[in-house]
Amino acid sequence: EKDPENEQQVIVSITEDSRAITRPPEARHPYEKESLVWKTLFKIHRILYFCVLFAPCVFGGILCKLTEDPSLREAWIRLLVKTIEMGGSSCMKFGQWISMRPDVIAGDIIQALASLRQDAPSHSFAHTRQQIEKSLGKTVDEIFDEISELPVASGTIAQVHRAKLRQKYALRGHDGRYIRDVAVKVQHPHVIKETFIDIDILFQGLNLIFAVPFSKEEFVSAMQRQINFEWEAYNLWKFKKNFRREITEGEIIFPAVSRELLAPQVLIEGWVNGHTISELFDGRNPNTTNAKGPDFTEKKSDTDVMKERSKFSKLKQYKDKMGAWAKTLFRANAKMFLKDNFVHGDMHAGNVMVSEEYPDSIVVIDAGCTCEMQAEVLPKFESFVSAMCEGDTDSVAETLIDLNEMKESTTNAKLSKFRREISTTVKKFVGSPGRDPEGNPVRIGALLTAVLKELQKHDMVLRSDFAMSLVTLGLTEGIIKQLDPTFDCVKSVMGFMLGEHAKDMQYSKLPNVLGQW
């Protein structure tokens with residue numbers, strides 16, 4: 001096919017979004033093939049490193065417990081975050097997962113750990129060049145007309161460079177147009193070393209202090225998928241497949257991915273000219289600075305958000321679009337949760353963008369982490385969301401008790417107290433179905449946070465797929481309310497459930513859903 005920018009040039013190879021990407025195999029770590037002696041020595045080396053690294057943190061934590069000094073605790077939390085960053089990619093990913101479990105970890109620690117989702121140290125361009133050429137079997141000059149040497153963002157696993165593909169490697173976008181401006185994601189050099197034995201050490205060490213709220217096997221599987229970019233390419237393809245209608249109608253966009261130039265350590269996807277939702281409210285642009293992700297430490301009220309909009313020029317530019325974006329984001333997440341059971345696991349405001357070329361659409365990026373609930377948990381999740389919206393305290397409490405993974409240590413007396421306190425907590429947020437005691441829409445995110453804190457207080461731990469889905473739901477509501485403080489998430493949830501049950505002909509559920517709506 002001819003290049004629309006230059007009809008004299010012919011494109012030899014074009015990636016088409018319609019072609020399926022094969023689900024990658026569950027890979028074993030490359031170090032598994034090493035000898036037992038090598039693996040033993042490597043493990044001893046990493047254990048000694050972690051002992052020296054975390055010793056100041058352990059002593060600081062004991063001092064905080066003994067003195068209960070708030071200023072000392074603040075200093076200790078800063079030290080904790082810095083120590084985790086120095087621990088490498090497994091430590092940082094572990095911290096990120098823990099930061100999504102308010103049912104287990106104190107709120108001030110969660111806020112501090114959320115900074116791990118922002119910039120991580122970057123590596124040299126020499127490594128980027130070497131990794132691209134080794135992984136793809138072509139030189140950088142063969143693949144790109146140009147590539148920026150400085151990364152535009154750096155995360156736990158990889159960093160991103162902006163580049164322009166040569167014509168023969170152009171991607172095909174969602175609208176059929178050719179794409180040559182791309183983002184090139186390249187794995188950091190020490191990731192393989194830091195994801196081998198570190199996970200075993202972390203679980204063995206932390207289980208001496210508290211019950212880690214997810215299984216080692218689950219974390220290892222997620223980690224192996226995130227260090228293999230073929231999984232992110234597959235996730236993006238699956239999202240496109242699930243959202244065919246919404247993409248065609250211009251509601252949502254997932255970046256185009258190169259299947260030809262794809263390797264476990266290198267991912268090339270279409271560049272998005274635009275702003276993250278985070279940037280619209282913070283004034284930071286990951287396209288031009290080494291910044292990524294929202295600042296979770298500052299909570300803004302609806303009034304603060306509206307005042308911010310009146311001052312910030314980018315918000316003025318998009319003020320007529322925000323209500324539509326909020327609806328699109330809600331429908332996308334409701335579909336992921338309640339219909340597809342394939343959820344973007346990191347839907348914070350730094351991973352949702354608005355495009356300058358397609359201002360009516362939202363763009364979802366960074367799909368390396370996804371959530372899928374087990375079949376037996378899905379009906380419980382839907383019932384739990386419904387019970388929260390309705391203010392059914394008994395159903396909320398019983399679902400949480402049923403999914404508690406610490407049943408052996410939870411006595412009947414504790415359960416009775418838990419039921420009473422959950423009832424009190426829910427009634428603070430829900431006065432009547434869908435409304436708070438003042439008659440406003442129920443704030444799902446705030447209610448979820450309060451409920452998860454009750455779990456932590458009573459030493460109860462939810463199964464991880466359910467808990468992380470709830471946290472993702474709360475994060476999403478936060479973005480929606482930031483875009484449109486008047487958006488009624490509860491009414492919209494019940495409307496979506498009503499529509500899905502009607503389409504699926506599940507008539508037995510219709511009377512209950514109709515009544516709640």
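The model is predicted: local features need pLDDT of at least 70 and side-chain atom pairs pLDDT 80 or more, while totals for chains, interfaces and linings use all residues. Residues are numbered from 1 along each chain as its sequence is written, and side-chain values use heavy atoms, without hydrogens and water.

**Exercise 1.** Find out how many residues of strand β10 (residues 266-270) are buried.

*Solution.* Start with the terms: strands are DSSP runs of E of at least two residues, helices runs of H or I of at least four, numbered from the N terminus. Buried means under 20% relative accessible area with a 1.4 Å probe, protein chains only. Five of the five residues in β10 pass, so the strand is largely enclosed by the rest of the structure. Next, look at its partner: β8 (residues 181-187) runs antiparallel to β10, joined by five bridges (DSSP must find at least two for a pair). Here K185 stands opposite L267.

**Exercise 2.** Decide whether E454 is buried or exposed.

*Solution.* First locate E454, in helix α19 (residues 444-457). Then check its relative accessible area: 11%, so E454 is buried. Finally, list its contacts (heavy atoms within 4.5 Å): beyond neighbours within four places in sequence, they are F418, E421, I422 and T425.

**Exercise 3.** Work out which element gives the most residues to the lining of the second largest cavity.

*Solution.* Take the elements that give two or more residues: α15 (322-340), α16 (378-390), α20 (464-483) and α21 (489-503). Among these, α15 gives the most, with five.

Key:
Buried means under 20% relative accessible area, exposed over 50%, partly exposed in between (1.4 Å probe, protein chains only).
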